[in-house]
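Keep the structure open while reading.

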Amino acid sequence: MKGMPTLKMTRGLESGRIYTLTAQEILVGSGIRNDIVLTDGDVSPKHCRFVRESGIYRLYDLGSKRGTFVGGKLVLTEGVSLQLPVIIELGETVAFEYDPGETTERDSRAQGIRATAEIGAPPGYYLIIRRTSETQPEVYPLDSAVVTIGRELSNDIVLPEPKVSRNHMRLERVHKGYILHDLKTSNGTFVNRHKIELPTLLQPGDFIAIADAVEMWFTDDLDSLKM
């Protein structure tokens with residue numbers, strides 16, 4: 001349905017599936033009585049719920065074992081208002097792109113004021129990648145909410161290098177830029193020469209490496225980057 005809020009699964013058993021949110025309250029979990037049933041080990045029988053309040057959905061965690069995350073932050077008891085596009089994660093193995101859809105003119109204006117005041121207009125970001133097996137670096141504009149990188153052809157950015165894992169890393173867009181996740185890889189992911197274990201918010205100019213096989217630069221200004 002055009003203009004309605006949607007959830008697009010980007011990580012999980014039904015990756016690519018889109019759920020349109022229309023009801024006043026929507027229950028999500030692995031139990032068969034939920035409105036959205038997710039048969040995944042990280043999803044609790046009653047995991048979370050969406051409640052429409054003043055035309056905007058609010059997301060509540062229902063005491064799940066693996067947690068509910070919005071933009072990389074754990075959803076607490078007071079819930080989170082979903083006013084803008086954002087990544088929603090259920091545990092470690094399920095993720096959605098949430099699109100709030102069209103809103104009323106009043107709601108859109110209010111959201112625009114809040115976005116400008118709190119985060120400003122989002123800049124464009126790029127990933128410059130140089131593989132040791134190639135002579136020239138490649139420039140990848142980052143214009144998706146989620147960008148996957150790895151050796152498998154199913155990734156958004158494919159790096160056919162032996163030291164790169166099949167599914168090596170994931171970039172998730174948040175209001176302040178992109179968060180980098182290492183996907184429990186054999187050779188690790190390094191940001192500014194330090195191996196990362198936890199999700200890391202990237203800053204323009206950060207240097208990212210995979211062993212001695214791949215070098216990357218994260219930037220919002222191609223002209224000023226010195227590689």
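The largest nonpolar core holds 23 residues. L127, I149, L159, L171, I208 and M216 have the most contacts inside it. At least two residues of this core come from each of β12 (125-131), β13 (138-142), β14 (146-150), β16 (169-174), β17 (177-182), β21 (207-210) and β22. Another core lies apart from it, with 22 residues, among them L7, L21, F50 and V70. A nonpolar core here is a set of buried Ala, Val, Leu, Ile, Met, Phe, Trp, Tyr and Cys residues joined through side-chain atoms within 4.5 Å. Buried means under 20% relative accessible area, exposed means over 50%, and partly exposed lies in between (1.4 Å probe, protein chains only). In soluble globular proteins, nonpolar side chains tend to be buried together.

Which residues does I208 touch, leaving aside its neighbours within four places in sequence? I208 is in contact with L127, M169, L180, T189, F190, V191, L202, V214, E215, M216 and F218. Contact means heavy atoms within 4.5 Å.

## Basis and overall make-up

This is a predicted model: local features need pLDDT of at least 70, side-chain atom pairs count only at pLDDT 80 or more, and totals for chains, interfaces and linings use all residues. Residues are numbered from 1 along each chain as its sequence is written, and side-chain values use heavy atoms, with hydrogens and water left out.

The chain has 1 helix and 22 strands. These are DSSP runs, numbered from the N terminus: helices are H or I with at least four residues, strands are E with at least two. Of the 227 residues, 42% are buried. Among contacts with a separation of 6 or more, 41% link residues 24 or more positions apart. The accessible surface is about 12700 Å² (Shrake-Rupley method, 1.4 Å probe; for residues, only the protein chains shown count as cover). Carbon and sulfur atoms account for 50% of that surface.

## An open antiparallel sheet

An open sheet of 6 strands runs in the order β2-β1-β11-β10-β7-β8, with antiparallel pairing. β2 (18-20) and β8 (73-74) stand at the edges, each with a single partner strand, so one side of each has no neighbour in the sheet. Two strands pair if DSSP finds at least two bridges between them.

β1 (residues 6-11) pairs with β2 over 3 bridges and with β11 (residues 94-99) over 5 bridges. L7 bridges to Y19 in β2 and to Y98 in β11. L7 is also among the residues of the 22-residue core. β10 (residues 86-90) is joined to β11 by 5 bridges, and E89 has A95 as its bridge partner. The hairpin of β10 and β11 has 3 residues between the strands. There, G91 takes a positive phi near 65 degrees.

K163 is found in the loop between β15 (157-158) and β16. K163 and A213 are 50 residues apart in sequence, yet 6.5 Å apart C-alpha to C-alpha. Beyond four places in sequence, K163 is in contact with H168, N187, I210, A211, D212 and A213. The side chains of K163 and D212 make a polar contact of 2.7 Å. A polar contact is a pair of N or O atoms within 3.5 Å; within protein, one must be able to donate a hydrogen and the other to accept it, and residues adjacent in sequence count only if both atoms are side-chain atoms.

T219 is found in β22 (residues 214-219). T219 is buried, with a relative accessible area of 3%. A polar atom of the T219 side chain lies 2.9 Å from the backbone nitrogen of D221.
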